[in-house]
Amino acid sequence: SEDQNFINEVRKQAIACKNDGADIIVLNIHEGNSSSVKNLYYNQAFASMKDDEDNYLIDAVINGHTHTKQNGTITRPKGMALPIVQGGCNLNSIGTISLEISGFTKKIVGLSCSSESLNSLVSSSSKKEAVQNVLTYEYSFSYCYE
């Protein structure tokens with residue numbers, strides 16, 4: 001099926017990233033389920049996706065499409081949960097995933113995720129300007145809004 005082909009391609013690309021030296025993989029997918037991040041078929045597939053050595057491949061997921069403010073985790077046996085966020089729409093909220101990574105093992109040892117109202121985070125009259133300022137300051141990232 002088309003869904004399985006997509007999942008197989010994500011697995012293939014994730015393995016290629018790991019083989020190229022990636023320690024952590026964050027997947028951004030324009031899919032979502034307005035009821036819960038746990039109810040999206042793809043998120044369940046990503047949570048269980050492993051390489052041939054039984055290591056989980058996807059470490060975090062950013063969803064979209066339904067434009068709802070969501071966050072949650074999917075529990076995985078013998079591994080860290082998979083954190084998932086969807087930030088909502090129109091810059092009304094922002095999704096955050098925090099990963100604590102061991103400098104020794106390069107593995108995730110702690111995590112959290114949240115989706116918060118942007119109005120509660122900034123007092124600026126221009127949300128776009130506020131988000132740009134945070135991205136530029138925190139991550140030295142520049143994005144041009146059209």
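Modeller: Happy to, and bear in mind that this is a predicted model. Let's start with Y42, which has a relative accessible area of 12%.

Colleague: Why is Y42 called buried?

Modeller: Buried means under 20% relative accessible area. Y42 comes out at 12%, so Y42 is buried.

Colleague: And what makes F46 buried?

Modeller: Here the relative accessible area is 0%, and that is under 20%, so F46 is buried too.

Colleague: Why are the rings of Y42 and F46 called a stacked pair?

Modeller: There are two tests. Rings pair if their centres lie within 6.5 Å, and planes under 30 degrees apart count as stacked. For Y42 and F46 the centres are 6.2 Å apart and the planes are at 15°, so the pair passes both and is stacked.

Colleague: Where do Y42 and F46 lie?

Modeller: Both are in helix α2 (residues 41–48), and they sit four residues apart, about one turn of the helix. By the ring rule there are three aromatic pairs. Ring pairs link F6, Y41, Y42 and F46 into a cluster.

Colleague: What makes I94 partly exposed?

Modeller: Partly exposed covers the range between the buried cut-off, under 20%, and the exposed one, over 50%. I94 has 29% relative accessibility, so I94 lands in that range. You'll find I94 in strand β5 (residues 93–101). The C-alpha atoms of I94 and E116 are separated by 5.6 Å, though the two residues are 22 apart along the chain.

Colleague: Now the second largest pocket. Which residues are closest to its centre?

Modeller: That pocket has a volume of about 500 Å³. It is lined by 23 residues, and K18, N55, Y56, D59 and K107 are the closest to its centre. Helix α1 (residues 2–19) gives the most to the lining, with three residues.

Colleague: How do the residues of that lining divide?

Modeller: Eight are nonpolar, four polar and eleven charged.

Definitions and conventions. Residues numbered from 1 in each chain as written. Predicted model: local features only at pLDDT ≥ 70, side-chain atom pairs only at ≥ 80, totals over all residues. Heavy atoms only, no water. 1 Å grid on protein atoms, 1.4 Å probe; cavity = no way out; pocket = protein on both sides within 12 Å on 5 of 7 lines; lining within 4 Å. Points joined across faces, edges and corners; volume = space filled by probe spheres on them. Helix = DSSP H or I, 4+ residues; strand = E, 2+ residues; numbered from the N terminus. Nonpolar A, V, L, I, M, F, W, Y, C, P; charged D, E, K, R; others polar. Phe/Tyr/Trp six-rings, centres within 6.5 Å; stacked < 30°, edge-to-face > 60°. Buried < 20%, exposed > 50% of the residue type's maximum accessible area, 1.4 Å probe, protein only.
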